[in-house]
Amino acid sequence: MKFRCFAATFAVFAALVAGAGAAIAADYPARPIRYIVGFAPGGINDLLARIVAQKLNDAWGQPVIVDNRPGAGGNLAAGLLAKSTPDGYTFMNISTAHTISQSLYSKLDYSLERDLTPVVVLGTASLIMVIHAGLPSKNVGELVTWGKGNRLVYASGGVGVISHLAMEMFKVAAKIDSTHVPYKGVGPAVPDLISGQAHVMVNAIPELMPHTKGGRLRVIGAMTDKRHPFIPDVPTFIEQGYKEFVMGNWTGIVAPAKTPRATLDKISAEVTRIIRSPEVSKRLIDQAVDPLGGTPDEFGKLIRAETARFALAVKASGAKVD
């Protein structure tokens, strides 16, 4: 009899909690939202955040303010988010860089698994390798040959981001050495690459392709499983003998841990509607970004898989950041 009473009481309590969560979600959002981006303006994270923020503002009638907080491969922003109130009024974009950071950095002031919770994946963009136009190399093999006889300098969007680790992995695979020069995002790195202060960079197509026009930079390889429609004349890394080099830079929204599930679901559903709308989908595809969307659980599965994948890559490359 006592067990039946307990069960009944628990059922009532659970129903009340669920009802409260639904009520909170129904009222959300009732004030402005802060949308953190852990990278400088101009990259894929910033691009997607500004598109989504404007559309959320239109849909919900509340300001969604993009707040760029670059530094430490996006980890400064993630640490800031981890300390934010879990009420749905502060969230941020993470990217592949944050899954890399979990094993690349020996010390972090947050845990992706413990302190943050997935909301929705936004999109992904394939990686390409570009070089300074003054180099004689026309393909990856020729760059490797040049690098073995010269001091090769590569630029990245910061320590711990995909452009850093992808090059570290490539150095191991190609058995070459090079000097790493990290920048606070792709935007500040490109001018030095164009001027020749750096020789090579790996990053997402939307961030690098505009700078290849007029011969300022040269694309020598695509990290895709087949040739990309944007650059059909550029061979993949697979075609050039590097069969493991299929990489993309995805971006998605996370919130502080313990944010109510009903609120997460509401954000996820609205953002997915936005990302998959004909207008936004076309805009992204035209910029070489594949629109995604989906549920928090689907995004969580991607995060776990990528964290495990890059932990192996970091170990194999020997890369480490204190």
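Analyst: Start with the largest pocket, which has a volume of about 350 Å³. The model is a predicted one. A lining of 18 residues surrounds this pocket. Nearest its centre lie L112, E113, L116, I303 and R304.

Next, the elements behind that lining. Helix α12 (296-317) is the top contributor to the pocket, giving six residues. At least two residues each come from α5 (112-115), β4 (116-132), α10 (261-275) and α12.

The structure holds one cavity of 30 Å³ or more. The largest cavity contains about 180 Å³ of space. Its lining counts 20 residues, and F39, N45, V186, E207 and N249 are the closest to its centre. Helix α2 (44-60) gives the most here, with three residues. At least two lining residues each come from α2, α7 and α8 (186-195).

One residue touches names from both lists. H98 itself sits in helix α4 (residues 96-104). Is H98 buried or exposed? H98 counts as buried because its relative accessible area is 0%, and the cut-off for buried is under 20%. The H98 side chain also reaches the backbone oxygen of G74, at 2.9 Å.

Strands β5 (residues 153-156) and β6 (residues 179-182) pair in the parallel sense, over four bridges. The chain runs from β5 through α7 (residues 162-174) to β6, and this β-α-β crossover is right-handed. Within that pairing, A155 has V181 in β6 as its bridge partner.

Last, helix α9 (residues 205-208), where P206 is placed. Is P206 buried or exposed? P206 is buried, because its relative accessible area of 19% falls under the 20% cut-off. Not counting residues up to four places away in sequence, P206 touches A125, Q287, A288 and V289. P206 and G196 are 10 residues apart in sequence, and their C-alpha atoms are 21 Å apart in space.

Conventions:
Residues are numbered from 1 along each chain as its sequence is written. This is a predicted model: local features need pLDDT of at least 70, side-chain atom pairs count only at pLDDT 80 or more; totals for chains, interfaces and linings use all residues. Side-chain values use heavy atoms; hydrogens and water are left out. Buried means under 20% relative accessible area, exposed over 50%, partly exposed in between (1.4 Å probe, protein chains only). A polar contact is a pair of N or O atoms within 3.5 Å; within protein, one must be able to donate a hydrogen and the other to accept it, and residues adjacent in sequence count only if both atoms are side-chain atoms. Two strands pair if DSSP finds at least two bridges between them. A crossover is right-handed if, with the strands pointing away from the viewer, the path from the first strand over the helix to the second runs clockwise. Contact means heavy atoms within 4.5 Å. On a 1 Å grid over the protein atoms alone, a cavity is a set of points where a 1.4 Å probe fits but cannot get out, and a pocket is an open set with protein on both sides within 12 Å along at least five of seven lines; lining residues have an atom within 4 Å of a point. Grid points are joined across faces, edges and corners, and a volume is the space filled by probe spheres set on the points.
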